Amino acid sequence: MKRIFLFTTLFLSFFVAQGTFAAEPEFPPPPERVSADATNRQNFSIHVSNGDWNGADPKEIETLLNAIAAEMLSHFPERQLAPIEVFPTEHRPVVLYQKGPANQYQVYLAAKGSHWGEYIYEFSHELFHILANYEYHALHGGAQHQWFEEMMCEAASLYNLKRMSLAWKTSDLRTAWASYAPTLDKFTQRALNELHRQLPENTSLTQWFHENESALLSNPYMRVKNEMVAMLFLPLLEQNRDWSAVGFLNPPINQRAMRFYDYLAGWYRNTPAANRNFVVQAMTLFEFQIPVTPTHASLTPQHQTETAAPFNAILDADTSAREAGVAGSTRR
C-alpha cells in the first residue's frame, strides 16, 4: 500500500487541477507545465513538438509523458538521460537511432487526440528502449535476440498502464479528472486480459520458447508472441524497485552469433553484482542456470561454451522500425 500511496502522490504532483468547469470534458484542461527537475535528472527534459495530435494540446501530452518518465526513472536511480523530443506520426511508434541536433532522442508516437491510454502504452515502450540502450543495435546491424527487449518494453507498457489506471481511480481528483478513469481502466483491462497473452494449457514457458525461438529470431516484432511472454515478465517489474540491470542488456559488442542463453548470461556478467537479482529472476523464468563468472568478466563469444553452475547455489549467493529506428508498440 505504501508503494501505491507514493505513486498516487507522484501522479497528483504532475496533474494539478485548477479552476471550475461548466461541463465535464473527457480530460481536464492543460495543467502547469512540469519542469525537468520533476524527474530529478539533471538536463533531462521532454518536449512534445507541435503537429497533428488530432486536437490534443502538446503541453497536456508533455505533462502526461513527464509523469510516465518520472515513474520509470524512479527504478533507475543513477541513470542520466539526454532530452527527449516527441513527434506525432501516422505510422507505428518508434524511437530513432539517429539523435537530433542537440543530441536528443527522437520519439514518434501514433497516439492521437484524447486517447490517453495509448500515450501511456506507446511512450512507456519507447522509453524502455532508451533505458535498455537500444542504440547499440545499430553498431552491428541489429540484435540477435531483440525480441527479448521488445517483450520487456511491452511489459513496461503494461506496468505503467496498471500504475496510472490505479492512480487515476484512487486519487482524490476532481470530477472532470475522474471522468477518464473508467476509459483508462477499460483500456488497461483489455490489454491485460487478451486471450493470446496466456500460455497454452499444460505448456511451460521453456517448452513454448523451444517451439517459438526460430520465429522470434526471424522477426522480433511478433506482437502476439511478445505480449504473451510479457505477461509472465510483468510480475518481475512489479516485484523489483531496482531495474538498473536493464541498462546493461545491450553492451556495445556484436551479439548476433550468440544463443539465447549466452545472451542472458552475458547480461548477467555485465550487470554489477548489486543489481543482478533482476537478471537472475529473468533467467529463472526460462529455467536457465546462472553462470559462474569472475567479478569483472565481460561478455565474449568464448563464453558460449562456459559451464553453468547449479542454480540454487548461485541464487543463494545472489540473495545476501522503421528504417532508422527500433520498432515500437503497435497497439491502437
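I began with helix 4 and helix 6 (residues 181-193), which pack at an angle of about 150° with their axes 9 Å apart. Helix 4 is therefore roughly antiparallel to helix 6. My axes are lines fitted to C-alpha atoms, for helices over the stretch in contact, with angles from 0 to 180 degrees between N-to-C directions. Angles under 35 degrees count as roughly parallel, over 145 as roughly antiparallel, 65 to 115 as roughly perpendicular, and the rest as oblique.

I note the origin here: this is a predicted model, in which local features need pLDDT of at least 70, side-chain atom pairs count only at pLDDT 80 or more, and totals for chains, interfaces and linings use all residues. Residues are numbered from 1 along each chain as its sequence is written, and side-chain values use heavy atoms, with hydrogens and water left out.

**Helix 4 against helix 6, continued**

The crossing of helix 4 with helix 6 is left-handed (the near helix is turned anticlockwise from the far one by less than a right angle; clockwise is right-handed). I listed the contact (heavy atoms within 4.5 Å). From helix 4 come Leu158, Leu161, Lys162, Met164, Ser165, Trp168 and Lys169, and from helix 6 Ala181, Leu184, Asp185, Phe187, Thr188, Ala191 and Leu192. Sorted by class, the contact of helix 4 with helix 6 holds 9 nonpolar, 2 polar and 3 charged residues. Ala, Val, Leu, Ile, Met, Phe, Trp, Tyr, Cys and Pro count as nonpolar, Asp, Glu, Lys and Arg as charged, and the others, Gly among them, as polar.

**Helix 3 against helix 4**

I then looked up helix 3 (residues 116-131) and helix 4 (residues 146-170), which pack at about 140° with axes 8 Å apart. This angle makes helix 3 oblique to helix 4. Their crossing is right-handed. Helix 3 contributes Gly117, Ile120, Tyr121, Ser124, His125, Phe128 and His129, while the helix 4 side includes Met152, Cys153, Ala156, Asn160, Leu161 and Met164. The residues of the contact of helix 3 with helix 4 divide into 8 nonpolar, 6 polar and 3 charged.

**Leu109**

I found Leu109 in strand 4 (residues 105-109). Leu109 is buried, at a relative accessible area of 0% (buried is under 20%, exposed over 50%, partly exposed in between; 1.4 Å probe, protein chains only). Its C-alpha atom is 5.2 Å from that of Pro88, 21 residues apart along the chain. Leaving aside neighbours within four places in sequence, the contacts of Leu109 include Trp53, Leu65, Val86, Phe87, Tyr119 and Phe123.

**Positive phi**

Most residues other than glycine have a negative phi, so I checked the exceptions. Asn54 has a positive phi of about 55° and sits in the loop between strand 1 (46-48) and helix 2 (58-73). Asn54 is exposed, at 54% relative accessible area. Asn103 has a positive phi of about 65°, in the loop between strand 3 (94-96) and strand 4. Asn103 counts as partly exposed, at 45%.

**Whole chain**

I counted 11 helices and 5 strands in the protein chain (DSSP runs numbered from the N terminus: H or I of at least four residues, E of at least two). Buried residues make up 54% of the 332 residues.
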